[in-house]
Each structure stands twice: as structure tokens, then as C-alpha cells.
Amino acid sequence: MADGSDKPIESVVEKISEKIHDHSSSDPDSDPGKKLESPSSVKSKIYRLFGRERPVHKVLGGGKAADVLLWRNKKITAGVLGFVTAIWVLFELIEYHLLTLVCHVLILSLAMLFLWSNAHTFIKKTPPRIPEVQIPEELFLQVASALRIEVNRAFAVLRDIASGKDLKQFLTVIAAFWVMSIVGNWCNFLTLFYIAFVLLHTVPLVYEKYEHKIDPFAEKAMIELRKLYVVFDAKVLSKIPVAPLKAKRV
């Protein structure tokens, strides 16, 4: 009798212990795995500039071009910057002209090849083999095709902006072109290209190194810009009659 009465009591105790175990396993505070996931979920909510979710290297393409822009290969990046700087110094500071530079380079090259050819013939009694220089057709077609695709894409974007679908985007592009026209009055195209080239090789590197400080500042700036846009929209954009255009389009 004692054994028979103990079995129901043991079964009740086992059920209570199972319920307690299930409750503790379903509790998020008692799950160590969920505790470890919480910092990553908080980290994913951190504001990133331009809404990016990938590292800067991946945003820039993740290839050799990204390595050059982020100074992963310092020799190549320094060489590219040095070459572009030399071109800018020649045309801007020394005021060299493109046709003059091309002619001088050709004169120097032809003179060196002529002297080397005669010296080689005089010493070894045989004419030297001057290597042929040819532009690969496939490479030229690839560059032309890539340029054509980008130009057509730019035309498609401008056409979409001019169609009147997004007034905010239209005003943003107009303001960007207006700023570029003002900057164009300050310096010529070569100087502007050189400044953009230098910024392209310095800004991504600085941002990747100090993104933890730049992102909060950018978040505050975007909040202020949104407030200014709300005021501008309430006072200016909302008064522009765009409803008839939408009705006709429908």
C-alpha cells in the first residue's frame, strides 16, 4: 500500500519539475544564447551613413579598386596618386598644354629608340627587335561598352527625374547641379577632377577608420536636415499644385 500511494505523489512531483524546467527554458533571461544575441541585435540598430549594412570595402566593390581606394596596397595607391599629381602639376602649375606634352614625349621616345637601335646595330652588328605596341580590341570594346552602359543609365535616371514622379529628388538634383556650377566657376575641369580624385582616395579611408565617430555625427545632421525639409515642405512644396498632373497621369 505504501508503494502504491507513493507512485501518484512521485508522478505529480515529476510533472511539476517538468513544468518548472519548461518555463525556465522559455524564459529569455535564462537562455544564455539569447543573451549573446542581444548585443548583435542592438549593434544592427546603430545608424550607418547612407543606410549601409556592409563594410566599406564591400560597398566600394570589394575588388582591386576597393583595395586601391582604401590603401590596402599602399604602393599602387601612392603610385596612382603620384601620377595624377604629376599630371596636375604639369598642366596647372607649369601650364603645360596637352598637345605640347604629347609631342615632347614622342620626341624623347623616338630619340631614345633611334639612338638605342643604332648603338645596338653598331655593337652587335644586328638590328634590335623593337616591341610592337597595340591596343587590344577586346579591352577597348569592354571599356567602350562599360562607358555606354553608364551613360545610358545616367540618361535613364535623368529622364525618370524629369518625369515629375518625385519632387524631392528633382529639387535635390537641381541643387546638386547648381552647386557644381558654382564650384566650376572657382576652378577649371582639371583641378576639379584632381580634387575629386584625391577625395576619392582619402575620404573612404578616413571614414573606415573613424566610422564609429562619424556615424553618430551624421545621424544628428540627418535629423536636422529632415526637420528643415519638413519646414520647407510645409511652407513651399505643399503649395505647389502637383495634384492635377497626377490626375492626368492616372
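Which residue just after α7 takes a positive phi? In this predicted model, that residue is Gly164, whose phi is about 85 degrees.

**Around Gly164**

Helix α8 takes up residues 167-186 and packs against α7 with the two axes 9 Å apart. The angle between α7 and α8 is about 120 degrees, and the two are therefore oblique to each other. Their crossing is left-handed. On the α7 side, the contact is made by Leu158, Asp160 and Ile161; α8 brings Gln169, Phe170, Val173 and Phe177. By class, those residues divide into five nonpolar, one polar and one charged.

Now for α5 (residues 74-93) and α9 (residues 189-200), whose axes come within 11 Å and cross at roughly 160 degrees. That angle makes α5 roughly antiparallel to α9. This crossing, too, is described as left-handed. From α5, the contact draws on Val80, Leu81, Val84, Thr85, Trp88, Phe91 and Glu92. Facing them from α9 are Leu190, Thr191, Tyr194, Phe197 and Val198. Nine nonpolar residues take part in this contact, along with two polar and one charged.

| Helix pair | Axis distance | Axis angle |
|---|---|---|
| α7 and α8 | 9 Å | about 120 degrees |
| α5 and α9 | within 11 Å | roughly 160 degrees |

**How confident is the predictor?**

Across the protein chain the pLDDT averages 77, and 75% of the residues score at least 70. Among the elements of the chain, α5 has the highest mean pLDDT, 91. The lowest mean, 45, belongs to helix α2, made of residues 32-44. Over residues 23-44 the pLDDT is below 50, and this stretch has four contacts in the model beyond near neighbours in sequence. Residues 1-6 also stay under 50, and for them the model has zero contacts beyond four places in sequence.

Terms used: Residues numbered from 1 in each chain as written. Predicted model: local features only at pLDDT ≥ 70, side-chain atom pairs only at ≥ 80, totals over all residues. Heavy atoms only, no water. Axes fitted to C-alpha atoms, helices over the stretch in contact; angles between N-to-C directions. Helix = DSSP H or I, 4+ residues; strand = E, 2+ residues; numbered from the N terminus. Parallel < 35°, antiparallel > 145°, perpendicular 65-115°, else oblique. Left-handed = near helix turned anticlockwise from the far one by under 90°. Contact = heavy atoms within 4.5 Å. Nonpolar A, V, L, I, M, F, W, Y, C, P; charged D, E, K, R; others polar. pLDDT = per-residue confidence, 0-100.
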